[in-house]
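User: I would like to learn how to read the features of a structure like this one. Please take me through it step by step.

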Amino acid sequence: MSSQASAELEKLLASRGGRWTLSPDGEALERSFKFKSFTKTWDFMTAVSLQCKVWNHHPEWSNVYNTTFIRWTTHVPKGLSDKDISLAALCDALARDFGELEPEPEPESLSCGMRELADEVVKDGNCCVKQQT
């Protein structure tokens, strides 16, 4: 990780005034975003997905109504990368643009099991491996 990315990471972390937390293994950034409606949430997710295409990188995420959980990590090679940090910061900016609601105290386990939904998608470890056709 570059020194610039390390400085950006510090600004993103909840312990430093941001809203992101490191995953328990320290290899991912995680955060929930809440909006006024499903439509605003979907617009936010669409904007993030367009950036994913530009950056050629994708998050692990899940959505229930007006809340989206996002986890940025790199699968190959495994760990937290400069792209993850940059895209987390970009998500914060997009969330402001789409009217993210102020955070409420979040229980240890996210509502609706959204962290677990994201975990389920990558449990076999080949979400980033090209499939043989």
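User: Which residue in β2 is the bridge partner of Thr21?

Analyst: This is a predicted model. The bridge partner of Thr21 in β2 is Glu30. Strand β1 covers residues 21-22 and runs antiparallel to β2, with two bridges between them. The two strands make a hairpin, and six residues lie between them. In the turn, Gly26 has a positive phi of about 75°.

User: What is the bridge partner of Glu30 in β4?

Analyst: Glu30 has Arg71 as its bridge partner in β4. Strand β4 takes in residues 67-72, and six bridges tie it to β2 in an antiparallel arrangement.

User: In what order do the strands of the open sheet come?

Analyst: The order is β1-β2-β4-β3, four strands with antiparallel pairing. The edges are β1 and β3 (60-64), and each has a single partner strand, so one side of each has no neighbour in the sheet. As for side chains, the general idea is that in a regular strand they alternate between the two faces of the sheet.

User: How many of the six residues of strand β2 are buried?

Analyst: Buried here means under 20% relative accessible area. Five of the six residues of β2 (residues 29-34) are buried, so the strand is largely enclosed by the rest of the structure. Across the protein, 37% of the 133 residues count as buried.

User: How should I read the buried residues of a helix? Which residues of α1 are buried?

Analyst: Start from the general idea: an α-helix has 3.6 residues a turn, so residues three or four places apart point the same way. In α1 (residues 3-12), the buried residues are Ala5, Leu9 and Leu12. Viewed down the axis of α1, the buried residues fall within an arc of 60°, so they line one face of the helix. On the face turned away from that buried side are the exposed residues Ser3, Gln4 and Lys11. The cover over the buried residues of α1 includes β2 and α3 (82-97).

User: Next, a residue in a helix. Is Thr41 buried or exposed?

Analyst: Thr41 has a relative accessible area of 0%, so Thr41 is buried. Thr41 belongs to helix α2, residues 38-55. A polar atom of the Thr41 side chain lies 2.9 Å from the backbone oxygen of Ser37. Leaving aside residues up to four places away in sequence, Thr41 touches Phe35, Asn63, Tyr65, Asn66, Thr67 and Thr68.

User: How do I check for disulfides? How far is the sulfur of Cys52 from the closest cysteine sulfur?

Analyst: The cut-off is a pair of cysteine sulfur atoms within 2.5 Å. The closest cysteine sulfur to that of Cys52 is in Cys91, at 7.1 Å, which is too far for a bond. The disulfide count by this rule is zero. Cys52 counts as buried at 11% relative accessibility, and Cys91 is buried too, with a relative accessible area of 1%.

User: Last, the overall fold. How many helices and strands does the protein have?

Analyst: The secondary structure comes to four helices and six strands. Along the sequence, the pattern reads α-β-β-α-β-β-β-β-α-α. Among contacts in the protein with a separation of 6 or more, 66% are between residues 24 or more positions apart. The accessible surface is about 8,200 Å², and carbon and sulfur atoms account for 54% of that surface.

Note on methods:
Residues numbered from 1 in each chain as written. Predicted model: local features only at pLDDT ≥ 70, side-chain atom pairs only at ≥ 80, totals over all residues. Heavy atoms only, no water. Buried < 20%, exposed > 50% of the residue type's maximum accessible area, 1.4 Å probe, protein only. Pairing = 2+ DSSP bridges. Contact = heavy atoms within 4.5 Å. Areas by Shrake-Rupley, 256 points an atom, 1.4 Å probe, with all protein chains shown as cover. Polar contact = N/O pair within 3.5 Å; in protein donor to acceptor, adjacent residues only side chain to side chain. Arc of directions from axis to C-beta.
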